Amino acid sequence: MQALKYARAASVDEAVKMLREGGPTARVLAGGTDVIVQARERRRQIELFVDIKHIDEVMSMRMEPRGLTIGAGVPLYKIYGDAQIARHYAALAESTRVIGGTAIQGRATIGGNLANASPAADSIPALFVLGAVATVAGPNGRREVPATQFCTGPGVNVLLTGEFIVSIFFPALPAHTGTAWERFIPRNEMDIAVTNAAAMLTMNGETVTEARIALGAVAPRTLYVEAAAAALAGKPLTDASIAAAAVAARDAATPIDDMRGSIKQRKHLSGVLVERTIRRAAERARA
Ligand SMILES: Cc1cc2nc3c(=O)[nH]c(=O)nc-3n(C[C@H](O)[C@H](O)[C@H](O)COP(=O)(O)OP(=O)(O)OC[C@H]3O[C@@H](n4cnc5c(N)ncnc54)[C@H](O)[C@@H]3O)c2cc1C
């Protein structure tokens, strides 16, 4: 492990000041479940950790009529353990429930999962279909960044020096909307997704009025699969329309071969997981 300094920020402004003064080798420390491993293995040059877990706004979570705001430092177990979130944002609860294990979930955050920008990050497909927007604070004030625009490549995101995610906002979903998330891993737990997927459907009777589909671990960053959504939106939900969405998902996937899975397997899984998440989201929308 490289020698590095640790600083604890007590406010958003103080964190921004510390990150700006620290420059490109200053890093936000949230749960530390990615970044401490990266520092130990010298995969990133880090001279300063700025701990954001002592800032009230970053640690708070609130559900309002307009939507849900989750501070970027809130640990995963508080997210999936919240009955309102499980009910209204099922894809988010499902994805956070499986990240790592109990010990990881006591520290890790969705802010860290998003900022780390892994192509296989489990919460990001859920963030995509839920229309999540990150509130970013920096030297020039605050700005909003949709989750779909946050990651620009493996391990790279849009944040500038001095900026960090304060919270992530999830708009309230329309009535008769259901969401679902699923991944494939060869083990039962504690593994990185070979492929993951999330779906959101809004239904009017049996007609899909809006659909959103996202896929992870099959491209350099999480994919928002518009063609799969287009195969569903404005039509009755049928086996044929679900199959068309699954084909669109397979076609959109451009995975790599690696020790976790082959291109063929990941393309196949893209179709399977998209079909499953659509069916589960539809059941929830009907309920
Ligand atoms: C044993 C183990 C199992 C794991 N299993 C999974 C899994 O199943 N699925 C999965 O997706 N991941 C998994 N991970 C990876 C990791 O736990 C997650 O990505 C987690 O969500 C990271 O959150 P964190 O708060 O710990 O981030 P940190 O490690 O604190 O930070 C990660 C990166 O994001 C930056 N960052 C963190 N918060 C912010 C912020 N608010 N603003 C700006 N930048 C920020 C940091 O500077 C760092 O670069 C696993 C890790 C371990 C060690």
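**Strand pairing, helix packing and the ligand shell**

Strand 13 (residues 207-216) and strand 14 run antiparallel and are joined by two bridges. One of the contacts in this part of the predicted model pairs leucine 215 with leucine 223, its bridge partner in strand 14. Both strands belong to an open sheet of four strands, in the order 11-12-13-14, with antiparallel pairing. Strand 11 (177-184) and strand 14 (223-224) each have a single partner strand and stand at the edges, so one side of each is left without a neighbour in the sheet. Helix 5 (residues 90-97) lies across strand 11 and strand 12 (195-204). The helix runs at about 20 degrees to strand 11.

Strand 10 (164-171) takes part in two further antiparallel pairings. With strand 5 (residues 67-71), strand 10 pairs over five bridges, and threonine 69 stands opposite phenylalanine 169 of strand 10. Strand 6 (133-138) is likewise antiparallel to strand 10 and is joined to it by five bridges; here alanine 137 has phenylalanine 164 in strand 10 as its bridge partner. Strand 10 is mostly covered, with six of its eight residues buried.

Helix 1 spans residues 12-22, and its buried residues are Val12, Ala15, Val16, Met18 and Leu19. Viewed down the helix axis, these buried residues fall within an arc of 165 degrees, so they line one face of helix 1. The elements that cover them include strand 1 (5-8), strand 2 (26-29) and strand 3 (48-51), together with strand 6 and strand 10. Just after helix 1, glycine 23 adopts a positive phi of about 70 degrees.

The ligand is surrounded by 30 residues, of which Ala30, Gly31, Gly112, Asn113 and Ala115 are the closest. By class, the shell around the ligand consists of 17 nonpolar, nine polar and four charged residues. At least two residues of this shell are supplied by each of strand 2, helix 2 (35-40), helix 7 (110-116) and strand 10. Helix 7 gives the largest share, five residues.

Conventions:
Residues are numbered from 1 along each chain as its sequence is written. This is a predicted model: local features need pLDDT of at least 70, side-chain atom pairs count only at pLDDT 80 or more; totals for chains, interfaces and linings use all residues. A residue is buried if 20 or more other C-beta atoms lie within 10 Å of its own, exposed if 12 or fewer, and partly exposed in between; C-beta atoms are placed from the backbone. The arc is that of the directions from the helix axis to the C-beta atoms. Two residues are in contact if their C-beta atoms, placed from the backbone, lie within 7 Å. Two strands pair if DSSP finds at least two bridges between them. Axes are lines fitted to C-alpha atoms, for helices over the stretch in contact, and angles run from 0 to 180 degrees between N-to-C directions. A residue is near a molecule or strand if its C-beta atom, placed from the backbone, lies within 6 Å of it. Ala, Val, Leu, Ile, Met, Phe, Trp, Tyr, Cys and Pro count as nonpolar, Asp, Glu, Lys and Arg as charged, and the others, Gly among them, as polar.
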